[in-house]
Amino acid sequence: MPATTRHSLRRPPAGPGSHVWPGLDESFARHTARLAHTPQGRELTRSLVLRDGVAQRPRPLGPPLCLRPGLRSELDAFLAAYHRLIETILSAYDHDPQLRRVLTVPEPLREEVAAARDHRVHLMRLDLLPHPDGGLRVLETNANCPAGLTAAGRGRAAWRVLLTRHGVALPAPLPADVPTWTGSWLADLALRHTGVRPRSVALLCPRGANRNEINDYEAGLTAIGIRVVHADPRELRTGPGGTTVVGGEPIAHAYAKISTRDLLRMGADALPYLRAVRKRSLFVQNGLRGRFLGDNKLCLAVLSDPQFAGLFDAADHRRVRPAIPWSRNIALCDGAVLRAVGRDRERYVLKHPLDTRGRGVVIGRESPDAAWAGAVERACESGWLVQEYVPAPRAPATPNGSGRRHDLALGAVDGRLVSAFARTGHDARLNVARSGRLHPVYL
């Protein structure tokens, strides 16, 4: 394979009309695409699947991609700075009324989130759209139970064996490439933040809901000697001394795979779970504020708006701000902005603040005029995010096709990079729950 050149997030703009992000190693992509069509590659592809957490349909992982040398250190610094900015928003939520106006929370959850005092985002996935100018644009933050991180780790580890056999030099493994990572990061996190290494962990997921990666967490926890208890969050009860009880057994640590839709659907049945997390008798990733504020797409409205710049460390803000597309809470926009959004639909996207799997996203250029007008009206009533439209770059042309687009997703624990993947597809929404295909990324 030809040698690659060093690359920077601040590389000068690509040529006029270019829609290719220069951060991908295109020769590596073509090489692995060809390798995927060999007998060994086809066997590997059959064995590497991402199982849809709702329909349980197996979706094969695509061949791996690799970033050009020199990007890793810049991405590490960018991710750490972005993580600090998000945690700053959580800390400022109590004393900044304007921030609370922008960063809204569904009414049934508002009281519990306001009473919570956790200001940490333990686990997050940052979804990015690489830009032809060599930089990145932040699409959204996933600080709930982000999918894809373990599947990408499995893919990188499996492909490493085949690629090394073919003489391809690869970057060092990422933490998620280790099979027990799903258990070890959660156990280590609990030890750091509670002072206790868990002996048992509840895997909380509502019946009939998305169970993506639940099996990975069971395997990872069991492999390091931690017992797993599967439970629906509605089964939680308060025991003696304020402890949290599942099936008659005290539980102090959990991994919560619960969407906002499912939580709101539970109504009052979710209150024991919410109060246990708020009172810290139950430790779960991201707590309440990390989950409902850090995961909230309206954080981008805060990061985009100059009036909030003084909240943040200046160096972190300077590093991240160029990657934030113009974003606002549409309910707070003035008449001139609303008229522009309604008139120039091809320039804008509407996003439900806490929805997942590509739902609650309305792309103006895909919507007829009447449908867009209705979507803007609903978004104003509910306080959605309005954001400038950013096109996805074109994926490298490979022997099995072209014309696809791609994004880049970075996973982090306490702001440190642990996994990465890209999704490719023909749709504007590159979501694996739709038609996107996940590709492990080496960097």
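How many cavities of 30 Å³ or more does a search of the whole structure find? The search finds three.

This is a predicted model, in which local features need pLDDT of at least 70 and side-chain atom pairs count only at pLDDT 80 or more, while totals for chains, interfaces and linings use all residues. Residues are numbered from 1 along each chain as its sequence is written, and side-chain values use heavy atoms, with hydrogens and water left out.

**Cavity and pocket**

On a 1 Å grid over the protein atoms alone, a cavity is a set of points where a 1.4 Å probe fits but cannot get out; a pocket is an open set with protein on both sides within 12 Å along at least five of seven lines; lining residues have an atom within 4 Å of a point. Grid points are joined across faces, edges and corners, and a volume is the space filled by probe spheres set on the points.

The largest cavity holds about 110 Å³ of space. Its lining has 15 residues, and Asn 144, Ala 256, Ile 258, Tyr 273 and Arg 291 lie nearest the centre. Helices α10 (271-278) and α11 (289-294) each supply at least two residues of this lining. Helices (H or I, at least four residues) and strands (E, at least two) are DSSP runs, numbered from the N terminus.

The second largest pocket has a volume of about 330 Å³. It is lined by 17 residues, of which His 122, His 193, Thr 194, Arg 280 and Phe 283 are the closest to its centre. Here α7 (181-194) and β12 (283-284) each supply at least two lining residues.

Axes are lines fitted to C-alpha atoms, for helices over the stretch in contact, and angles run from 0 to 180 degrees between N-to-C directions. Angles under 35 degrees count as roughly parallel, over 145 as roughly antiparallel, 65 to 115 as roughly perpendicular and the rest as oblique.

The axes of α1 (residues 26-35) and α6 (residues 149-165) come within 12 Å and cross at roughly 95 degrees, so the two helices are roughly perpendicular. Phe 28, Thr 32 and Leu 35 of α1 make the contact (heavy atoms within 4.5 Å) with Trp 159, Leu 162 and Leu 163 of α6.

Helix α2 (residues 39-47) packs against α6 at about 175 degrees, with the axes 11 Å apart; the pair is therefore roughly antiparallel. Gln 40, Gly 41, Leu 44 and Thr 45 in α2 meet Ala 158, Trp 159 and Leu 162 in α6.
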